[in-house]
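Subject: Structure for your review

Dear colleague,

Please find below the structure that I am handing over to you, followed by a summary of what was found in it.

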Amino acid sequence: MQSHAMPRDIIIVGAGIAGLACAISLSKELTTSTPDLKITVYDGAPGPSASGGAISLTPTAQNYLDKLGVLSELNRMGSDSGIEVDIIELFSLRSGRRLGPLRFTDENGLGYGGYKGRRVMRSALSRAMLAVLRNNHPNVTVHYDKKVVGGTTADPTSVTLTFDDASTATADLVLGCDGVHSITRTRLVDPGNRSEYTGIAFIQSVTDANALPISMHFKQTAVHLTRHSSLLTSYCDPDRSKIFSAAILRVNEHLIERYQAAAKLDCREQASMKMSIRYLVRTQFAKSALPAIRELLDHTEDWALYPVYQVRQRGMWHKGRILLLGDAAHAMPPRDESAAYAIEDALIFTQILSQNRHAPLSAIFQEYETVRRELVNRAFDASRRLWQSDLDKGLFPGHVRGLMAPVHVSPSPPGMGMGMVVANANRGASAATHQSFSDLSVYSLTREFQGEIDS
């Protein structure tokens with residue numbers, strides 16, 4: 001059998017969670033056996049993002065971050081390290097009635113696999129990942145303000161990317177980790193497979209908890225349910241001085257276009273649009289029977305709108321020497337598990353590449369797709385069915401699954417050492433899979449609460 005050279009010059013497109021996890025994982029696993037390995041990350045943004053709000057890290061995502069050395073770095077960040085979440089409280093927004101808890105721990109208070117959930121600002125997680133690269137992986141460089149606009153896959157031995165400043169870069173392997181609106185996907189791997197708006201948007205803000213005249217009614221995180229929308233509120237720092245809020249509701253695409261256009265206009269137009277978004281949130285949630293919610297909305301003025309997009313299912317994941325990972329390959333209907341999926345993508349691909357270093361990339365890509373495709377398709381189908389069912393009923397339990405799913409444990413790929421990455425998530429408490437927890441616990445809870453949400 002012909003032996004193929006191990007890729008030594010790797011380009012990663014996108015410096016989000018997927019891209020940075022990929023860079024850390026590849027460098028950590030391959031540098032010893034490939035000392036001349038060079039990994040270059042390119043991102044089109046001017047610099048590390050300071051936006052994006054607070055994200056939910058499932059216990060499995062925390063497990064993966066721990067293996068990459070990111071969790072310890074995050075824990076050293078003081079007030080930016082986020083807050084561990086062991087329980088999410090459910091309330092009826094209108095009546096204020098407590099509907100029940102969803103737990104990230106077992107009956108003894110132990111986290112699944114030794115890890116609980118965590119709410120952390122996306123920008124803080126990004127800084128922690130960049131610090132790990134800077135301190136431990138000198139063969140990785142990250143370049144911002146380098147937007148990919150195209151490239152060529154004609155050469156069977158390399159890929160050349162073109163940037164918006166007319167410069168180019170060539171590598172043995174390109175990993176497209178550039179998110180749901182991926183240029184790598186739409187220009188190079190699967191032209192025409194553009195992202196689609198789901199009809200749902202997150203409207204997010206962070207509020208100074210010390211400025212509120214009343215204490216919150218939840219310990220760490222709460223979700224307030226209505227029949228047509230939901231409001232997530234969560235502390236996002238150890239001192240509980242900042243409250244992250246996310247309104248999840250249907251938003252007309254025309255309003256989204258106006259919001260995006262206003263960002264390019266003068267300050268007066270931007271201020272007018274901010275007032276419109278604030279009015280939309282207050283209209284949906286300000287009539288709550290919970291005094292703390294009314295005060296929170298009164299004191300929160302600057303809301304940001306984030307439409308939720310998805311990528312067409314069963315599209316192409318690879319072409320030539322390019323592979324898509326994370327949301328670039330499989331952004332799903334509204335859910336907040338993308339961090340765990342993206343990091344898991346990086347770890348599994350790294351393991352397959354490491355164990356098949358002399359195989360052709362086409363065979364490595366195919367093995368990776370064999371391992372991942374079925375799981376992703378099942379998750380996509382389940383998420384879509386749940387969301388469509390909820391929308392038909394005028395209910396929003398589906399988003400709760402994404403915000404809360406405490407575990408995401410995929411089956412160990414046969415014969416792969418990577419199985420240890422997944423299997424380790426089962427240490428400690430006996431964790432349900434993300435499907436069973438979401439469908440049986442969250443969905444059945446919200447179905448049970450249909451008559452109570454507005455009562």
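In what follows, Ala, Val, Leu, Ile, Met, Phe, Trp, Tyr, Cys and Pro count as nonpolar, Asp, Glu, Lys and Arg as charged, and the others, including Gly, as polar. Please note that this is a predicted model.

On that basis, the lining of the largest cavity divides into six nonpolar, five polar and four charged residues. The cavity in question holds about 80 Å³ of space. Its lining comprises 15 residues, of which R312, R314, W317, A329 and H330 are the closest to the centre. Two or more lining residues come from each of the elements α9 (327–330) and α11 (361–393), and α11 supplies the largest share, with four residues. In total, the model has four cavities of 30 Å³ or more.

I turn next to the nonpolar packing. In soluble globular proteins, nonpolar side chains tend to be buried together. Here the largest nonpolar core has 132 residues, and I12, L175 and F349 have the most contacts inside it. Helix α10 (residues 338–355) is the greatest contributor to this core, giving eleven residues. The core lies between domain 1 (9–47 + 144–193 + 312–390) and domain 2 (52–121 + 198–310), because both domains give residues to it.

Neighbours within four places in sequence aside, L175 is in contact with I10, I11, I12, V13, C22, L26, L323, L325 and F349.

With kind regards

Terms used:
Residues are numbered from 1 along each chain as its sequence is written. This is a predicted model: local features need pLDDT of at least 70, side-chain atom pairs count only at pLDDT 80 or more; totals for chains, interfaces and linings use all residues. Side-chain values use heavy atoms; hydrogens and water are left out. On a 1 Å grid over the protein atoms alone, a cavity is a set of points where a 1.4 Å probe fits but cannot get out, and a pocket is an open set with protein on both sides within 12 Å along at least five of seven lines; lining residues have an atom within 4 Å of a point. Grid points are joined across faces, edges and corners, and a volume is the space filled by probe spheres set on the points. A nonpolar core is a set of buried Ala, Val, Leu, Ile, Met, Phe, Trp, Tyr and Cys residues joined through side-chain atoms within 4.5 Å. Buried means under 20% relative accessible area, exposed over 50%, partly exposed in between (1.4 Å probe, protein chains only). Domain bounds come from an automatic or database domain assignment. Contact means heavy atoms within 4.5 Å.
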